[in-house]
Amino acid sequence: MAVVEKCPAFHTQLFGMSAPSGYLQCTAFFHTSQCEHTYALKIVLFFEFMVAVGAAILTIVAMPNLDIVTNVTILNGVAVLSALLQVVTQCTAKERNRFLVPSIAAFMLILLGYVLFLVLYIMKDPTDIKMAIWVGLAVGGSFLVSFNWWETYFRLIGENRRSVFLKDLCTDMTKCQNVLHIISTLLRITVTACVLGAYVPLAKMDWDILKSIPSRETKIIVITVGVQLISSALCHWFAVVACKMHALRRCFILPLYLASLAVMALLIILVIVYYQEYRISLNGTSINFTGYCSVTLDGRNNSLNGSVFSDLVLDVTHTLCFLDMSTITDIGLLTGSAVSWWLGLVLATLHLWHLNIYRIQRTQDLFIRRLYEGAFIEQSLLLNTRFNNQTNNKMKKEPERTMVYLCATMWHETHDEMMNIIISIFRLDKYRPKRETKDFTFEAHIFFDDAFKHVKGSRGRHINDFGKDLVQVLSDVYGIFTNLDKSIFKKQQQIPDQKIIRTPYGGRLVVTMPHGNNIVVHFKDKELIRHKKRWSQIMYLYYLLGWKLMTKYYARLEREHKDTLIAEKHNTYLLALDGDTDFQPTAVMLLIDRLKMYPRVGAVCGRIHPTGSGPAVWFQKFEYAVSHWLQKTAEHVIGCVLCSPGCFSLFRAEALMDDNVMKRYSTKSTEARHYIQFDQGEDRWLCTLLLKQGWRIEYNAASDAYTNAPEDFKELYNQRRRWGPSTMANVVDLLGSTNTISKRNSSMSKPFMFYQLFAITSSILAPATICLMIAGSLTFIFNMEANAALVLAVLPPLIYLILCFKLKADTQITIAAVLSIIYAFIMLVVTMSIIGAMVREQTILTPSSIFVIAMAFIYIITAIMHPQEIQLVFHGLLYILCIPSAYLLLTIYSMVNMNNVSWGTREAKPAAGLPADTTPQTTAQKAKSIFQRLFSWAKCCKKSTSRYGGEQLNANQEHLIPESAQPEPQPQNTIVEDVRISEEQRQLEPVFDCAAQCWVTQLQNISSDMQLQEESLDQEEENFWKELQGRYLQPHVEDKEKQDMIINDLRELRNKINFAFFIMNALWLVATFTLQLLNIPINIPKLNFNLEVTGHIQIDPISLMFILGFATSVVIQFLTMFYHRIYTLIHYVAILDTEPIKQKNVTEESDLAGEKVDNADSNSLQESEYDGTEV
């Protein structure tokens, strides 16, 4: 019986200590490096050897011979050395520590527990030498186990004493911690096996007895080991989750404190219940606990054929029979030792109640060791938590304050789109007031592209209708948010004066929001600075990071420590936005958390939701959902997100300022491939540079943002015409640098790059795959021969491909629209044919059936895992019908028009907010207008002359590029879109027919609610802009010869890539066609609905390989989706639990503000009539 009792303890200890450690280490193996000093390895292995010996002796040799109360509570005694090291650590600190007394008390209580334990067992029978040995081994083993958590205290002692030896030791351990953990795991397994091998013969036991263990007991042992492994792993995981969710006290510390007490109470209560039931069964006969042991246990049936639960209770009773539980002395000593050990553990970990942690805290920042002890799980988690010196003067460490720059790019956004982003920014201002914020501050910058227009007869360019609309939106939203909490019958607050500034690139409007944060609108004049989105991004990168951050950096370098300034660069973030992005403040906080917690994360993106109406938007909603649900989550979990979209992504300044990132991003397009990779998908190009430099890009599914999607077919095709070739170019660029990237970027392993290779190959072969799917349906419906059906399926896309090389882009899109409708009907027939095939052939094991059933199952389960978006499943029906249009026709269109590098969207939208006034003016109105223009012109020219004199006009003629002959950019489908002006046109002097207002007075007269006061630009900043314009952002003078060369190069590049692209698809089709001719199929058993083999299905080898690869890819995405959803839920719960209630209500109030803005706009701003009135 004793051998049987020891065997489960051994197996539990062997697997509980070693297996979880090895498993965690294998999964956490990121980098390994050699230790610089060999003594680090020797010291670590010495301590690990001692811990392994102590754990094996305690659990295998000593604990089977002790009572259950002692076995449960002696584990708390392993905190003895931790308590002593806490005392030493706090004594070496320069300041008085608030936990010095609890640490001393913990050490004394644990020692008292050992003394009471020795008295209880040794004084019970001083002549029992064997019991004395077991007690000594238990004390020695628990003391050796306490060496397990020495590292955290040695680090602090080294910092306090400035010990070079301890500092080098800890540095080496950090560098080669993975190797050390692997070696220590193997060492523990070896030591545990050796202790067991030595103990069996010393205890005069025979190994052969293991073979005679009954099968029932063997199952019990296996179940015990399994429960131990699973429960310890789950306990560790849930403990980490509790900390990440910011539930340290109620979900981590308190449950671990009560775990041992709960186990002990449960077992003791059961023993007492059984004892009392036995006494009642004796009908009044008196019997003490010792008598109960001798009668019940000695005479019980050892065959163990009864209940496992009853046998467990009797085994627990057996461990207590050594003590006389009827005497108060034994009970007092046993209780005293148990309470002393437990209180000692509580006091030794009292500092955890005051531990300052953040949301989704990194595991390595929570625990000093990655491994946990399976046999001492609760003690391991408590003692492994990092210990920090907490002085009386510094109760809580303040979090590092971060700076977030919101950077939005605008061009031709409508009034409603501008409303979305402005309301979002004002909402964030209310959520994080500048004067009350402790964790981060923000500043919003809007870079308005091509904001000026030429007005005949004016002395200077004017802000166009889109720019004027933005100013009006700012005024409207400001008024609503200022009076958000006021009753309409009370006196409304006036909008304070704001600033307007002339700049070398155009103009600037600075608006201070109600809670102190700023919105800075940069109006760009394309005659003064280069336009288009990528150059606006380069503009704000150099302005915010080069001027605002680095200028301050160098100015403070002499006064402050360099590390402090580097930390500031590390804690500066840029939130990239589009001009129509709508977001909540919580979404920004979720992105900030990722960058705060993980220093190697260079960028993080949120969940993008397309908005709008119509079939095109419905298709995009499901497409975006699938992309985020499966593709982005898979990239995040198994590798790294490849593209962080520019409409809502947070970038780290340190990453952007890294070598070959910002400077490389500023490269001018000089080759044909540059126009495709650099300009057509600027956000993906920037992410490619970050990945090559070793930065990680992540995805946060709980951070929602909304942006308008193309609503018509033409705009959608033009948008994807840009995205498709750019995506392919950047992915191929990454795959070509696999060896370099996998070495530099720890998140992008070679298996992950192989996954991306398969993904890009699948997208390249998508047209041929669609043709094969349609051919299969034709074969089934019309009972055609397979090769004839394949030829028939290939003909329409082949004809469309030829037409695309001959026709204009608009005509190509029209043809694609017609074909898309035809293919939609075909896809409906295909879907019904697949269902019909399953019914007719009584099987689901066909390639088409497997595809449809698997995808339907995955999409439905995935949608269920996203309950807030489950309604998007209905859009999936439209998505299925549009598969040929999206993956066949659109692919052909985007590849053939690769040489068209125009933007393609928003090129002809009028400003919705301020329509042009075409009403004829009366004579009096004309006279009034003339006087106003004369006054404005005099005011404008006076300030302009005093500011720049004649310098600005000369600069325009000598260095900068004026606008083209067209006053407004029209829709262009040209090869190179950059608008350049000839030298002759540049030298023309403007003609002034009459005096007119400048853009400054123009904006000042837009809104009477928000007064704009003109201020001057700092001279140093003005010089910075001029230098930046000259180096990176100066518009090009038109070079007809060079432009023609680029056009030809783009056409040649297009032809080469198209040849390779469509040849690969042709080879895929020819290979399938040949295999069908040769009739070399693979026979797969056909199963009916009862899973009975009814025949065989023939499938060619290439199709089978593709199906297997596709299935593997989808399964990977599906499993990673589950993993990502769990951690998204953790983060979401954490932010709900930590954000103040006052700030949680901001979202509802801000939504109300949005409704007020909309009402004000629809009612022609009727609320302005109440300004300054009181009822």
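Modeller: The chain has 44 helices and 15 strands. This is a predicted model, so local features need pLDDT of at least 70 and side-chain atom pairs count only at pLDDT 80 or more, while totals for chains, interfaces and linings use all residues. Residues are numbered from 1 along each chain as its sequence is written, and side-chain values use heavy atoms, with hydrogens and water left out.

Colleague: What makes a stretch a helix or a strand here?

Modeller: Both are DSSP runs, numbered from the N terminus: a helix is H or I over at least four residues, and a strand is E over at least two.

Colleague: Why is the contact between glutamate 48 and arginine 188 called a salt bridge?

Modeller: The rule asks for a side-chain nitrogen of Lys or Arg within 4 Å of a carboxyl oxygen of Asp or Glu. Here the N to O distance is 3.0 Å, so the pair passes. This bridge links distant parts of the chain: glutamate 48 sits in helix α2 (residues 38-62) and arginine 188 in helix α9 (residues 177-202), 140 residues apart. A search of the whole structure turns up 28 salt bridges.

Colleague: Are glutamate 48 and arginine 188 buried or exposed, and how do you know?

Modeller: Buried means under 20% relative accessible area, exposed means over 50%, and partly exposed is in between (1.4 Å probe, protein chains only). Glutamate 48 has 3% and arginine 188 has 4%, so both count as buried. Across the 1175 residues of the chain, 52% get that label.

Colleague: What about arginine 1031 and glutamate 1027: which labels do they get?

Modeller: Arginine 1031 comes out at 51%, so it is exposed. Glutamate 1027, at 48%, is therefore partly exposed. The two form a salt bridge, with their closest N and O atoms 3.4 Å apart. Both lie in helix α40 (residues 1019-1033), four residues apart, about one turn of the helix. Elsewhere, salt bridges that share partners join Glu48, Arg188, Arg369 and Glu373 into one network.

Colleague: And what separates arginine 155 from glutamate 151?

Modeller: About one helical turn, because they are four residues apart in helix α7 (residues 151-161). Arginine 155 and glutamate 151 are both buried.

Colleague: What makes a group of residues a nonpolar core?

Modeller: It's a set of buried Ala, Val, Leu, Ile, Met, Phe, Trp, Tyr and Cys residues joined through side-chain atoms within 4.5 Å. The largest one has 118 residues, and Leu574 and Leu690 touch the most other members. Helix α19 (residues 533-556) gives the largest share of this core, eleven residues. A second, separate core of 65 residues includes Ile253, Met264, Leu334 and Tyr372.

Colleague: Which residues is leucine 690 in contact with, leaving aside its neighbours within four places in sequence?

Modeller: Contact means heavy atoms within 4.5 Å. By that rule, the list for leucine 690 is Ala603, Phe651, Ala655, Leu656, Val661, Trp695 and Ile697.

Colleague: Last one: why do lysine 532 and asparagine 660 get picked out for phi?

Modeller: Most residues other than glycine have a negative phi. Lysine 532 has a positive value, near 90 degrees, and asparagine 660 has a positive one too, near 60 degrees. Lysine 532 lies in the loop between β7 and α19, and asparagine 660 in the loop between α23 (653-656) and α24 (662-665). At 14%, lysine 532 is buried, whereas asparagine 660, at 52%, is exposed.
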